[in-house]
Amino acid sequence: MTAYDVIVLAGGAAKRLGGADKPAVRVGGRTLLDRVLTACAGAGVTVVVGDRRPTARPVTWTREVPQGGGPLAALGAGVRLTTADVVLVLSADLPFLGPSTVQSLVAAAAVAAEGEGGAGGDGALCTDPDGRDQPLVAAYRAEPLRRELALIATEHGSLAGLPLRLLTAELDLARVDAGPHAAFDCDTWDDIAAARARIREHGAVLDEWITSVKNELGIELDVDTGVLLDLARDAAHGVARPAAPLTTFLVGYAAARAGADAGPEAAAAAVADAARKAADLALRWEAEAAAAAGPAAGTEGGAEVAGEATGEAKPDAGGEGTGTP
């Protein structure tokens, strides 16, 4: 992927939230700012324009001059600390921004930087489902971005209090479809409530929860959640319901031991291997339980069924070791 730096704007007044510290508002147990920082984890330099606060990963902090001077002033402060040819620009209130949108924007800006094609020579920005441009979900070529900011500052005396459209009107930008949610921003408490409700929808809640847990625990690991869910089902059905969480815990522990000195890919493979072994064991338990519950359980026929299910040899009736004379 093309190298890029990112500027995250986190210094707004949040008037429609009653002056609340919007970047610190939590959606799905994570702050809005951390959710954005997770989406752009591949950046070389991450600059956050706003007040210092705890974050999920290290960032470089700065403030616009004067504080509260608006998005153009914030961009002017942030861009001075970047060095990459492509600069991603994001607001700090995008709960559903994902790495795929970031990659699409950076790729579109990189194509422009390499001179491939005509339109969009200065970068790319997202459009929302209603077709509106989102200049704070965008990737700009650094040179034209710096040039236009300098020209605007010269013409108006400073960047403070000026609208973003003065910048975007002068740049040749490609458009990237953000999909239904990537450019969704949280300006009001109703927006926050809608975001919190959406992550609990059936199709999203597990991915959101797993991502939140991994961030909370500092785990960088992609695992097949379907494998773990199947294991939990097999353990609950074949052994006992409480076996499901205990088994998945033990699988995680075994995988951690196996992949202690390995990278994320080897660790993920260790999880899959441990899950397979535990699932096989649960299925063997289920087979034994089914055999024991058969109509002839406890008789010679029942032993026969149990032997077939478990793969164990049956003792011969009257043979050595059976206790039969």
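Visitor: In which helix is the place of Leu229?
Guide: Helices here are DSSP runs of H or I with at least four residues, strands are runs of E with at least two, and both are numbered from the N terminus. The model is a predicted one, in which local features need pLDDT of at least 70, side-chain atom pairs count only at pLDDT 80 or more, and totals for chains, interfaces and linings use all residues. Residues are numbered from 1 along each chain as its sequence is written, and side-chain values use heavy atoms, with hydrogens and water left out. The helix that holds Leu229, covering residues 225-238, is α8.

Visitor: Is Leu229 buried or exposed, or in between?
Guide: Buried means under 20% relative accessible area, exposed means over 50%, and partly exposed lies in between (1.4 Å probe, protein chains only). Because its relative accessible area is 46%, Leu229 is partly exposed.

Visitor: Which residues make the nonpolar surface patch, and what is its area?
Guide: A patch takes residues with over 30% relative accessible area and no salt bridge, joining like charges within 9 Å and nonpolar side chains (Val, Leu, Ile, Met, Phe, Trp, Tyr) within 5 Å. Accessible areas come from the Shrake-Rupley method with a 1.4 Å probe, and for residues only the protein chains shown count as cover. Val205, Leu206 and Leu229 make this patch, with an area of about 250 Å².

Visitor: How do the axes of α8 and α10 cross?
Guide: Axes are lines fitted to C-alpha atoms, for helices over the stretch in contact, and angles run from 0 to 180 degrees between N-to-C directions. The axes of α8 and α10 (residues 264-292) come within 9 Å and cross at roughly 20 degrees. Angles under 35 degrees count as roughly parallel, over 145 as roughly antiparallel, 65 to 115 as roughly perpendicular and the rest as oblique. Therefore α8 is roughly parallel to α10.

Visitor: Which hand has the crossing of α8 and α10?
Guide: A crossing is left-handed if the near helix is turned anticlockwise from the far one by less than a right angle, and right-handed if clockwise. For α8 and α10 the crossing is left-handed.

Visitor: How many salt bridges are there?
Guide: A salt bridge is a side-chain nitrogen of Lys or Arg within 4 Å of a carboxyl oxygen of Asp or Glu. Counted by this rule, the salt bridges come to 17.

Visitor: How many residues apart are Arg35 and Glu208?
Guide: Their side chains meet in a salt bridge, with 2.7 Å from N to O, and both Arg35 and Glu208 are buried. The pair links distant parts of the chain, with Arg35 in helix α1 (residues 32-39) and Glu208 in helix α7 (residues 205-217), and the separation is 173 residues.

Visitor: What separates Asp230 and Arg233 along helix α8?
Guide: Asp230 forms a salt bridge with Arg233, the closest N and O atoms being 3.4 Å apart. Because these two residues are three apart in helix α8, their separation is about one helical turn.
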